Protein chains: 2
Amino acid sequence: MTRLTLYELAGADRALRFSPHCWKTRMALAHKGLEADRIPCWFTEKALIAFSGQTLVPILVDGTESVHDSWHIALHLERHFPDRPTLFAAAAVPLTHFVNRWADTVLVPALARIILQDIYRLLAPVDQPYFRQTREQRFGQRLEEVVADRAGHIADFRKTLAPLRQTLALQPFLAGDAPAYADYCVFGMFMWARCVSTADLLEDSDPVFAWRERLLDAFDGMARFAPSVPAAPDMG
Amino acid sequence: MTRLTLYELAGADRALRFSPHCWKTRMALAHKGLEADRIPCWFTEKALIAFSGQTLVPILVDGTESVHDSWHIALHLERHFPDRPTLFAAAAVPLTHFVNRWADTVLVPALARIILQDIYRLLAPVDQPYFRQTREQRFGQRLEEVVADRAGHIADFRKTLAPLRQTLALQPFLAGDAPAYADYCVFGMFMWARCVSTADLLEDSDPVFAWRERLLDAFDGMARFAPSVPAAPDMG
């Protein structure tokens, strides 16, 4: 086996290796049962890693190949040491569970601050007092106050999408090349908003926008053609 | 095949089915190529679903079995219709990618607000001006200001852990029964903090605490025994 070398960020005490991304790689190496020479590197010691053509650690040197970015190192280890324990166990159900919890704990409250009053308006009259009471208790504010700063809440919502956006910039669906339940967990949030509100949640250039379009078109446009609140009449 | 019935939340116009969780289930049914009778249900029409023994939709009735909670419905569909397209494709790599983006975009900045000055103190003197300048530019504040409200930032950090916490309350690792790279992506963040700071990030009762303990012990305690900042001397 070729010798592995890992360049790691270090403190003044070079034994102190604190970078979170280097720790991802150390755990990945341990998981695979691999040893590496570990070279400490201060922030300003860019000359030490200049050979790699870039400026950030971790960098793994595997024979003649140098791999940077902890994610690419993980993929490299998985590809080059397939007989060692996999870093990507049959974990689709547990990881989908995490995505589902993310959608429910992060996206639901962030979207609620945008669409709560839109929902209220569309409810059966008999449901409205129930909805107002339970939601005002949850938010500790009147419905009208919860949604008062729509532009600000939309901006906040877009920020919460960062991990989704960065993932979808590199793969067409959360679950990879084709959609699966992880995608639907998140897409359900967008359908909630689409059914009740005309708020512009996404910029056209957002990778999340293109992903949402793909899912609106799935299953013969089932979601796209589902009943939703009518758009405001054209005032032109 | 038994007939499937899905109880869905509806607006005053009963055609308007807006619940995000019901949408998860609709997409899951479509993915499996399954049809269901879809029964609209207002918030206050609890009597309609009293048969199920609980009060929230979606509820899927499959023969004599009634399943509630969109997550359990997805697992039920996967188990009972294994010959249909899987809802949990071989998606471990793409989903791990999402977890990694979540750790980097959410946990890194939340932790930085707690430990940035701790890191600064441990850096080689030659690294300190570089670190201060790049981080102050990133945060638009002096280091001392970024970390000024430690108690508040720790409280915020604990809130950002909600999806992790809820997942780990039901499974020992993010990747399921055994750790995999998804766990290391997140654990790396905790090692970052542990190496440089004595801040109490987690309550002992937090499922995230127990998970962190398990990973500190992994690989013969590799992470637990890694060099880290000394605890403050005992003043007793």
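I looked up Arg142(A) and set aside its neighbours within four places in sequence; contacts (heavy atoms within 4.5 Å) remain with Arg132(A) and Glu136(A). This is a predicted model, where local features need pLDDT of at least 70, side-chain atom pairs count only at pLDDT 80 or more, and totals for chains, interfaces and linings use all residues. Residues are numbered from 1 along each chain as its sequence is written, chains are lettered from A and ligands numbered from 1 in the order written, and side-chain values use heavy atoms, without hydrogens and water.

I checked where Arg142(A) sits. I found Arg142(A) in the loop between α4 (128-139) and α5 (143-146) of chain A. Helices are DSSP runs of H or I, at least four residues, and strands are runs of E, at least two, numbered from the N terminus. Arg132(A) is 10 residues away from Arg142(A) in sequence and 8.0 Å away in space, C-alpha to C-alpha.

Is Arg142(A) partly exposed or buried, and why? I noted it as partly exposed because its relative accessibility is 44%. Buried means under 20% relative accessible area, exposed over 50%, partly exposed in between (1.4 Å probe, protein chains only).

Next I turned to α1 of chain B, residues 20-31. I counted 11 of its 12 residues as buried. Among them are Trp23(B), Met27(B) and Leu29(B). Which elements cover these buried residues? I listed α3 (92-122), α8 (181-196) and α9 (207-221) of chain A among them, along with β1 (4-9), β2 (37-41) and α2 (70-80) of chain B.

Last, I looked past the helix. Gly33(B) follows α1(B) and has a positive phi, near 70°.

Methods: The expected span of a helix is 1.5 Å times one less than its number of residues.
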